[in-house]
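Reader: Hello! Could you walk me through how the pieces of this structure meet, one step at a time?

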There are 2 protein chains.
Amino acid sequence: MIVKNRQIVLAARPEGLPKPSDFRLVETPVPELAEGQFLLKTNYLSVDPYMRGRISEAKSYAEPVAIGEVMVGGTVGTVVKSQHPGYRPGEVVVGYWGWQEYAVSDGQGIVRFDTSLAPMSTALGVLGMPGMTAYFGLLEIGKPKAGDTVFVSGAAGAVGSLVGQIAKIKGCRVVGSAGSQQKVDYLTGELGFDAAFKYKDVKNYAAKLQEVCPRGIDVYFDNVGGPLTDAVFTQINVGARIVVCGQIDQYNATRPPRGPRLLWHLIVKQARAEGFLVFQFAGRFREGQQQVAHWIKEGKVKCQETVVDGLEHAPEAFIGLFHGENVGKQLVRVSA
Amino acid sequence: MIVKNRQIVLAARPEGLPKPSDFRLVETPVPELAEGQFLLKTNYLSVDPYMRGRISEAKSYAEPVAIGEVMVGGTVGTVVKSQHPGYRPGEVVVGYWGWQEYAVSDGQGIVRFDTSLAPMSTALGVLGMPGMTAYFGLLEIGKPKAGDTVFVSGAAGAVGSLVGQIAKIKGCRVVGSAGSQQKVDYLTGELGFDAAFKYKDVKNYAAKLQEVCPRGIDVYFDNVGGPLTDAVFTQINVGARIVVCGQIDQYNATRPPRGPRLLWHLIVKQARAEGFLVFQFAGRFREGQQQVAHWIKEGKVKCQETVVDGLEHAPEAFIGLFHGENVGKQLVRVSA
């Protein structure tokens with residue numbers, strides 16, 4: 001009988017870049033199941049840049065995690081005990097029960113994962129939230145057309161790497177930026193990007209973008225914000241679409257970030273900048289998952305994962321995101 | 001026989017706010033008409049904020065006016081002599097022949113104006129470029145729905161005053177900002193705005209916007225940019241549309257203007273900022289003019305004009321735009 005649960009809770013509200021001491025490992029008893037409940041054992045948990053916003057005090061699209069609360073995040077796991085008529089031990093499900101080894105659920109917010117589509121870890125990656133973010137963000141907000149130049153920042157991450165691959169499938173010229181030479185090689189080698197550059201080496205972003213996107217930028221999928229994004233605004237074509245997906249450059253800012261005023265470029269280029277949250281497309285996730293799974297089977301989409309073992313390493317895996325340590329989806333394996 | 005033309009040419013490229021000495025009045029002979037040409041006498045010329053961009057060196061959507069060249073701008077006038085089979089003396093036409101008393105044309109860029117729709121001066125206002133900017137910008141980019149809160153900056157200007165009136169027709173709650181108490185009274189009194197404020201009196205724009213738009217902002221029609229626009233980004237509702245029409249706050253900037261980074265708000269509110277140029281909708285101007293003319297006849301749209309007499313006063317009328325001196329459309333009457 002399972003009696004002990006291990007959880008990672010928020011110990012302190014981070015100032016700027018999160019540090020390990022902002023998190024704490026605690027042990028708690030696993031509650032007994034009531035009628036209509038089932039017990040989940042976590043296999044993988046996801047760490048994503050957006051979580052930085054969820055542990056800030058600042059008002060956002062959701063309430064922040066409270067001090068002492070289990071850290072939020074997407075999870076995939078296996079039903080190990082059930083008093084719920086709809087769930088049987090052995091079923092694999094996806095949810096949002098956070099950084100803990102076990103969780104009790106009544107089924108709310110839980111979705112079955114079809115392991116015939118792909119391995120269960122993809123439920124947190126290409127077939128999960130990052131995958132759906134890339135799929136719907138690019139196709140529905142960016143609306144790429146064959147022949148367009150698509151530029152993706154944070155291109156080697158879980159979202160960006162899929163954005164670039166889908167844009168290639170759609171017949172676009174695809175260019176990406178990433179934080180290390182290893183990632184740049186991965187983008188142009190493994191993933192078929194037409195060009196990529198290591199942003200940390202670039203002094204003049206506008207000049208670099210002119211070099212790698214000589215016909216200008218039609219779709220910009222923005223995962224980073226900040227000075228690179230400022231430069232993109234100077235390189236967009238008439239009718240460009242800027243998909244505002246993430247602004248990781250600013251997530252750890254301790255003062256409101258400032259930069260050049262950008263709206264004038266939108267007038268001159270009759271262009272659009274549009275932000276979105278993947279939840280907007282929740283009603284169409286099945287469609288997106290089936291399409292991406294199909295591309296994986298066809299060999300058109302590759303899904304790279306960086307996996308760290310052990311719940312206790314989740315904080316450092318999360319912090320590593322802001323140092324650009326992951327290639328593709330960053331996961332923590334909690335149990336095999 | 002007409003032999004003398006008076007023109008206003010660009011004398012110097014303005015630094016910051018334009019001054020009278022950046023323009024010069026010159027006298028030139030009126031060329032003889034060749035076969036296929038006609039002579040136009042200017043009745044009204046238009047001065048608009050966008051012209052500031054046209055006399056800057058900076059690359060924009062059109063080539064800048066050269067030093068010594070006749071100043072650009074929309075014009076309405078009357079055919080006084082013709083060697084063109086398609087145009088007869090007495091016909092009223094609209095074009096873009098700039099700040100001069102006479103112009104020779106071969107018909108290119110010239111459109112007949114139907115004076116049964118409305119007085120000829122409206123060809124440069126509600127039925128002209130500012131009117132079409134308001135009509136298509138609000139309806140096609142802003143997509144207002146009944147019940148939406150629409151906030152318009154520069155609301156007493158040629159574009160803004162029509163935007164607000166159309167938004168009222170569409171069943172929206174309409175709020176505007178303007179530069180003087182006289183204009184604010186005009187907006188809430190004459191034009192039926194639900195609320196308006198004098199931005200120059202406001203210390204905290206975000207607090208003011210909360211007060212006048214307590215249910216948040218669904219559509220923002222931005223004529224000004226700068227700090228007021230920054231504050232609007234903090235007050236938008238989920239799914240908001242920001243119509244980026246003008247950025248008059250920045251047109252006279254001598255250094256690249258900086259401000260808070262705004263894109264994050266677009267993510268949180270799943271919102272869109274879109275720039276446009278009225279020329280995008282050129283193929284639909286007749287539709288827009290007929291609709292606005294119809295609203296004028298129904299009494300649903302009022303068109304206010306501020307008219308200055310004499311070509312020689314065009315520079316000061318133009319400069320006055322940046323001091324917020326005009327209510328509604330600013331015109332220069334060149335001849336009766």
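Author: Gladly! Two residues are in contact if their C-beta atoms, placed from the backbone, lie within 7 Å. Please keep in mind that this is a predicted model.

Reader: Thanks! Which residues in H3(A) does H2(A) meet?

Author: On the H2(A) side we find Pro130(A), Gly131(A), Thr133(A), Ala134(A), Tyr135(A) and Leu138(A). By class, this helix contact has 10 nonpolar, 2 polar and no charged residues. The partners in H3(A) are Ala158(A), Val159(A), Leu162(A), Val163(A), Ile166(A) and Ala167(A).

Reader: Why is H2(A) oblique to H3(A)?

Author: Helix H2 of chain A spans residues 129-142 and helix H3 of chain A spans residues 158-169, and their axes are 8 Å apart. The two helices pack at an angle of about 40°. Angles under 35 degrees would count as roughly parallel and 65 to 115 as roughly perpendicular, so H2(A) is oblique to H3(A).

Reader: Nice. Which element gives the largest share of the side of chain B that touches chain A?

Author: The contact takes 28 residues from chain B and 28 residues from chain A. Strand E13 (258-260), helix H7 (263-268) and strand E14 (272-275) of chain B each give two or more residues to chain B's side. That side divides into 14 nonpolar, 9 polar and 5 charged residues. The largest share, 5 residues, comes from H7(B).

Terms used: Residues numbered from 1 in each chain as written. Chains lettered and ligands numbered in written order. Predicted model: local features only at pLDDT ≥ 70, side-chain atom pairs only at ≥ 80, totals over all residues. Axes fitted to C-alpha atoms, helices over the stretch in contact; angles between N-to-C directions. Helix = DSSP H or I, 4+ residues; strand = E, 2+ residues; numbered from the N terminus. Parallel < 35°, antiparallel > 145°, perpendicular 65-115°, else oblique. Nonpolar A, V, L, I, M, F, W, Y, C, P; charged D, E, K, R; others polar.
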